[in-house]
Amino acid sequence: MAKETVMAGCSAAAHAAKAARVEVISSYPIRPYTGIMMELSKLVANGDLDAEFVHGEGEHAQVSIALGASASGARAYTGSSGVGVTYAMEVYSPTAGGRYPLQMSIADRALDPPGDFGSEHTDVMSARDQGWIMGWAETPQEVFDNTIMFYKIGEDSSVMLPQFCCQDGYFVSHIPGKVSIPEQSQVDEYLPAYKPHLPLDPTRPSSHGPQIYPDQGSAIDIQRAIAMINTPKVIEKAVADFNKQFGRNYSPFVEEYKCDDADFVFFLQGAHCRTARYAVDHLRKQGAKVGMVKLRFVRPFPTEAVAESLKKFKAVGTIETSTSYGGAMKGGNLIHEVRSACYDLPKGPAITSFMAGLGGEVVTLEEFYKMAKILAEAAKKGAIDQYVYWVNFDKGI
Amino acid sequence: MSKKYNENFNIPKHLEVPMGAVIPAPVKEQPAMKTGNWRTERPVIDHEKCTLCLNCFAYCPDSSWHLDEKGERMVWNPIYCKGCRVCVEVCPADALRNENEMDFKGGMARLDKPY
Amino acid sequence: MSNVSTAKAAQDLYEITIWCSGVTQDMEGRHLSLLLANAASKDGKHTQAWDNYADLPDRVGVPLRKYARICDEEIEMRYLYENATPHMSIVMNDVILKGIDVLRGMEKGGVLVVNTKRPVDEILKLIPNKDLLSAIVTVDATGIAGGSGLESLDFMGSEGGVEATAVGAGLSAPLVGAAAKVCDKFTLESLVAVAANKAGVKEGNKQAVVKTL
C-alpha cells in the first residue's frame with residue numbers, strides 16, 4: 001500500500017533517494033537544498049537507509065566525491081543550490097563525459113550578488129551545455145517521482161548520463177504538499193541495480209579520464225551527443241512504465257493543459273506551472289482561449305515535441321525564470337530554445353518572452369493576467385510588439 | 001536596438017537598488033537592525049558591587065555595556081542587547097543579575113518589521 | 001477579451017500568523033501551525049502550513065513567524081512568502097509584544113492569542129493598535145505544558161524536513177486549545193485528535209481567558 005503523507009520537496013527528494021536505494025550520499029550544506037541532506041542524514045543514522053554518508057569540504061569536493069563513488073560502481077547521490085552549483089562547475093563535464101550516471105538534486109537559488117535565498121533557475125541552467133539530463137518538478141510529488149525516473153533514464157545502457165533533478169527553492173522545497181510514497185517492492189521492480197561499464201576495481205585496473213591528442217577530442221565529444229540523441233526514446237519508455245507501475249499520469253516531454261482550442265499559451269517549467277493552471281482556469285471563465293504548456297525536460301530539449309505542440313497556437317509566451325545576459329533575445333534562456341524549435345514550422349506562432357519570477361519573486365495571478373492580455377493581442381495580430389517584457393519594470397505590460 | 005526591444009525601464013521606487021548592491025556601512029550603530037527586541041531577559045546591575053573591571057564591556061557581543069563619560073559607572077544600551085546573559089556569567093563581582101524584560105516599562109525600540 | 005486583466009480570484013482564506021522566539025521555540029511554533037492545519041484538514045478544509053523563509057536560519061531569540069491558512073476550496077496562490085492579512089495572531093513569547101507590531105496587516109475584527117502569566121490589561125497596554133482586535137485570549141501555556149517555556153531543541157523539521165518528534169507534545173498544545181475558543185475553522189475534537197499532548201490541549205482550552213473588545 002502506498003503511504004500518503006504531507007511533506008515538503010526537500011523531504012520528498014530524501015525519501016525518494018531512500019526508495020531508489022542510493023549507496024553513496026555526498027553532502028555539503030547550502031540553503032535551500034540543505035533540508036534534503038538533513039533528512040537523509042537522519043534516515044542513515046536511524047538505519048532506515050544503508051548508505052555511505054560523506055561530507056565534502058565544499059561543493060567542488062562534494063561532486064567529485066560523488067563522481068568517484070559512481071566510477072567505483074555505486075549509485076551516487078548529491079545535490080546543491082545557487083552558488084554551490086556554480087562552485088562545482090569544473091566537475092560537471094568529467095561526470096557527463098566519463099558517463100557516470102549519478103544524480104544531483106538541485107533546489108534552485110538565485111546566484112549572488114547579493115545574498116538571495118529565493119528561487120531562480122539560472123544556477124543550473126548555466127550548466128546545461130555539459131551533457132547532463134535536466135528537468136524541473138512542479139510539486140513535491142513530482143520531485144519524488146522524478147528522482148526515481150531520472151535514475152532509470154540515466155542508468156540505461158544507451159544513455160549513461162548524469163542527471164540534475166531540479167525543484168524551485170522555497171516554493172517546492174519548503175512548502176509542504178501531498179506526497180504518496182509507493183511500496184519499496186514496487187520501486188525495486190521498476191528500478192533495477194546500477195550496472196557500471198568499467199568500474200574502478202583493484203583486481204581490474206582501469207584509467208578514468210586519461211590524456212588524449214586533440215584529434216580524438218571530437219570523437220569523444222560525439223559520444224555524449226549520441227547519448228543525448230538516444231535519451232528521448234528512453235524517456236518515453238521510462239515515463240510510460242512509471243505511469244503504469246505507480247498509477248501516475250506524466251507526459252514524457254511537454255504537458256498541455258487546456259490547449260485543445262487555445263489561441264495562445266504560457267510556456268514554462270517549474271513551480272509557477274501550478275499557479276498558471278489556476279490562471280488559465282480563471283481566464284477561461286472570462287472567455288479567453290488560453291492554455292499552458294509545461295516543459296518537463298530542458299535537457300535533452302524535446303525539439304520535435306515542442307514544435308508539434310506549439311504549432312497549434314497563434315501566440316506563445318515563454319515565462320523565463322532564468323537569465324541570459326547579452327543573449328540573442330536579450331532576456332532569458334527558454335526563448336532561444338523555443339524559437340529554434342519553431343523555426344522550421346511553415347506557419348509558427350508569434351513568440352515573446354516574459355522575465356518573471358526572478359530572484360525568488362512570486363508570480364501572481366494578476367501578473368499572469370497581464371501576460372495573457374499581451375498574448376491575446378499578439379494572437380489577434382499574428383505578430384508581437386516586443387521580444388522581451390520584464391514583468392515588473394516594463395511600461396508595455 | 002530595434003523597436004521591438006524596450007530600452008526604457010521603470011523601476012518602482014521601493015525596488016531601487018544602488019549599483020551592484022554595494023552600499024555604505026554605518027559607523028557607530030546600525031539603525032536598520034535594532035536587535036533589542038530579541039531578548040526575553042535583561043541584565044540589571046548593582047552599582048555598589050560593581051568594581052569597574054570592564055569584563056561585561058569586553059565580552060558583550062553587541063557592545064551594550066560601556067563606561068559613562070566620567071568613567072564612574074557602567075551604562076547599558078537597551079537598543080541592541082539580545083539578552084544572551086554572557087555578561088552575567090562573566091561578572092567576577094556578582095554585580096549583574098537577569099530579570100524578565102516584561103517587568104520593565106519601555107527599553108525597546110518598537111518596530112514595524114522584526115529586525 | 002476586455003476583462004482579461006481584471007479576472008480575479010478572491011478566495012476566502014483564514015490566515016494565521018504565529019510569532020515565537022528563535023531556536024528555543026522554533027519547533028513548537030512550527031508544531032502550532034501544523035496542529036491548526038491538520039485539525040482543520042480533519043474537519044474537511046483545505047490547508048497550508050509553513051515557516052517564514054527569511055526568518056530562518058534562526059538565531060537564539062530572533063522573532064520568528066510561522067503561518068497557517070485555511071480555506072473551504074483548494075488554495076490557489078500556494079507560493080507566497082507571508083500571510084499579508086492575518087485574521088488570527090498567536091504570540092508564543094509575550095516579550096515579543098513589547099518590540100514588534102504583531103497585528104501588522106490585520107483587518108478590523110481579528111483575534112490575538114498570547115502565552116503569558118500576566119493579566120490581560122497589562123498585555124493590552126503593550127499593543128497601541130488594539131482597536132483592530134475583536135477579542136484577545138490569554139493562557140499560561142508555559143505553566144500548563146511544564147518546563148521553562150523555552151524548550152524546543154529538535155530541528156529535524158526545519159528547512160523542509162519531516163518532524164522527528166511527536167507534533168504537539170509541548171508548548172503548542174495548550175495554545176491551540178486556547179485558539180479554539182475564538183475560531184470556528186477547527187474543532188476542539190480535531191485538535192485533541194492530532195496533538196500528542198491531548199491533556200494539554202483540553203487544559204489550555206479550559207484555562208484560556210477570553211476578553212472581547
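This is a predicted model: local features need pLDDT of at least 70, side-chain atom pairs count only at pLDDT 80 or more; totals for chains, interfaces and linings use all residues.
Residues are numbered from 1 along each chain as its sequence is written, chains are lettered from A and ligands numbered from 1 in the order in which they are written, and side-chain values use heavy atoms, with hydrogens and water left out.

Strand β4 of chain A spans residues 76–80, and five of its five residues are buried. Helices (H or I, at least four residues) and strands (E, at least two) are DSSP runs, numbered from the N terminus. Two strands pair if DSSP finds at least two bridges between them. Strand β2 (residues 24–27) of chain A runs parallel to β4(A) and is joined to it by two bridges, with A:Tyr77 as the bridge partner of A:Ile25. Pairing with strand β5 (residues 103–107) of chain A is also in the parallel sense, over four bridges; here A:Ser80 stands opposite A:Ile106.

Over all chains, the structure holds 39 salt bridges, a salt bridge being a side-chain nitrogen of Lys or Arg within 4 Å of a carboxyl oxygen of Asp or Glu. One of them joins A:Glu256 to A:Lys312, with the closest N and O atoms 2.8 Å apart. A:Glu256 lies in strand β9 (residues 254–257) of chain A and A:Lys312 in the loop between α11 (303–310) and β12 (315–320), so the pair ties together parts that are 56 residues apart in sequence. A:Glu256 is partly exposed at 33% relative accessibility, as is A:Lys312 at 41%. A:Lys258 forms a salt bridge with A:Asp281 at 2.7 Å between the closest N and O atoms. This pair links the loop between β9 and β10 (264–268) of chain A to helix α10 (residues 272–285), parts that are 23 residues apart in sequence. A network of salt bridges links A:Glu138, A:Glu142, A:Glu255, A:Arg277, A:Lys294 and A:Arg296.

In chain C, the side chains of C:Asp72 and C:Lys45 meet in a salt bridge (3.9 Å, N to O). C:Asp72 is exposed, with a relative accessible area of 56%, whereas C:Lys45 is partly exposed at 22%. C:Lys66, in strand β3 (residues 63–71) of chain C, is buried, with a relative accessible area of 1%. The side chain of C:Lys66 makes a polar contact with that of C:Asp26 (2.7 Å). A polar contact is a pair of N or O atoms within 3.5 Å; within protein, one must be able to donate a hydrogen and the other to accept it, and residues adjacent in sequence count only if both atoms are side-chain atoms.

Chain B and chain C bury about 1800 Å² between them, 53% of it on carbon and sulfur atoms; buried area is the accessible area (1.4 Å probe) that two parts lose on being put together, summed over both. The contact (heavy atoms within 4.5 Å) takes 20 residues from chain B and 23 residues from chain C. Two salt bridges cross this interface, including that of B:Glu101 with C:Lys98 at 2.7 Å between the closest N and O atoms.

Technical notes: Buried means under 20% relative accessible area, exposed over 50%, partly exposed in between (1.4 Å probe, protein chains only).
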